[in-house]
Amino acid sequence: LQTLVYGRDRIRFMESLVVGDIAELKPGQGTLTLLTNEKGGITDDLIVTNTSEDHLYVVSNAACAGKDLAILRDRAAQLQATGSDVHVEVSDNALLALQGSPSMARVLQAGLSDDLAKLSFMNSITTTVFGVPGCRVTRCGYTGEDGVEISVPAVRAVELAEQLLGVPDVWLAGLAARDSLRLEAGLCLYGNDIDETVTPAEAGLMWTLGKRRRAAMDFPGAAVIMKEKPRRRRVGLTSGQPPLTSLYPHIPGTVTSGCPSPCLGKNIAMGYVEAAHSRAGTELTVEVRKKQHPAVITKMPFVPTQYYMAK
């Protein structure tokens with residue numbers, strides 16, 4: 001779901017819903033943030049960009065599109081009723097992701113008039129991509145690699161995709177490839193690793209809370225989130241045994257994501273264990289198809305990320 005938020009009160013509106021410091025974002029800069037509820041749970045994770053134009057650009061998970069849009073529209077209506085200037089508009093653009101170091105930059109630069117080397121991770125520009133004008137190119141992507149997400153007018157999305165696929169280095173990739181990459185990078189998948197029953201503290205996502213927002217405690221669920229001493233924590237797990245897709249540590253806990261790691265040649269997983277047993281290096285016994293296997297709590301990311309920072 002791609003949403004555009006207009007109006008002079010757009011930042012105040014967005015900060016009434018998410019934990020991030022949206023006001024500090026420079027033009028063209030974005031941030032990963034969390035949409036939280038009054039109980040401190042995570043309603044969704046999304047990217048908010050302060051565009052160089054007159055609006056905020058919000059990208060949220062497709063699976064959460066319905067509930068996210070309802071929240072945005074309801075909150076906008078509440079503020080409008082008190083005289084605030086804010087308007088939510090759904091973009092009909094398509095979204096293409098081009099990911100992978102170092103080929104992505106070489107492939108995309110050939111179709112850009114802008115200098116991609118000046119575009120840092122989590123920043124975006126509006127430009128023409130391989131002859132398609134009006135595209136928003138954001139240097140991000142849920143893979144841990146250097147990549148971009150391209151918001152493209154829907155009527156020309158197929159054309160742009162075909163242009164990119166015409167380059168020998170570019171291949172179609174499905175969700176299985178994306179899933180193994182995001183897990184290697186230690187990134188949460190909404191609905192698996194985080195949901196409305198999980199708080200930012202439990203998920204290890206307190207870094208998404210802006211310093212000013214922590215002090216103000218003016219986001220949904222702040223009283224719970226800021227005072228919580230989590231009894232469970234999200235951890236990484238590694239094992240040489242069968243894919244860690246449905247494991248249960250004998251220390252009480254649950255595995256939420258798991259797969260073989262193509263980069264590491266071993267099986268990796270992510271899940272929750274009691275906070276007292278969450279230290280890296282802790283050995284666990286896990287159960288796979290009624291058989292016990294050893295696993296070890298491992299620091300994340302499992303594979304170093306390759307996000308690009310312009311010099």
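**Charged pairs, seen closely**

Author: Gladly, and let us begin with glutamate 53, which counts as partly exposed at 40% relative accessibility (buried means under 20% relative accessible area, exposed over 50%, partly exposed in between, with a 1.4 Å probe and protein chains only). Please keep in mind that this is a predicted model, where local features need pLDDT of at least 70, side-chain atom pairs count only at pLDDT 80 or more, and totals for chains, interfaces and linings use all residues. Residues are numbered from 1 along each chain as its sequence is written, and side-chain values use heavy atoms, with hydrogens and water left out.

The side chain of glutamate 53 meets that of arginine 136 in a salt bridge, at 2.6 Å from N to O (a salt bridge is a side-chain nitrogen of Lys or Arg within 4 Å of a carboxyl oxygen of Asp or Glu). Arginine 136 sits in strand β8 (residues 132-138) and glutamate 53 in the loop between β3 (42-50) and β4 (55-60), so their pairing ties together parts that are 83 residues apart in sequence. Helices (H or I, at least four residues) and strands (E, at least two) are DSSP runs, numbered from the N terminus.

Glutamate 149 belongs to strand β9 (residues 147-152) and is buried, at 18% relative accessible area. UniProt, in an unreviewed entry, lists Glu149 under "binding site"; its positions are given in the numbering used here, feature names are shortened, and annotations may be inferred rather than shown by experiment.

Another salt bridge joins arginine 139 and aspartate 146, whose closest N and O atoms are 2.8 Å apart. Here arginine 139 is buried at 2%, and aspartate 146 is buried at 9%.

In helix α5 (residues 175-184), arginine 182 and aspartate 179 are three residues apart, which means about one helical turn separates them. Their side chains form a salt bridge of 2.8 Å, N to O. Arginine 182 is buried at 1% relative accessibility, whereas aspartate 179 is partly exposed at 23%. Searching the whole structure gives twelve salt bridges.
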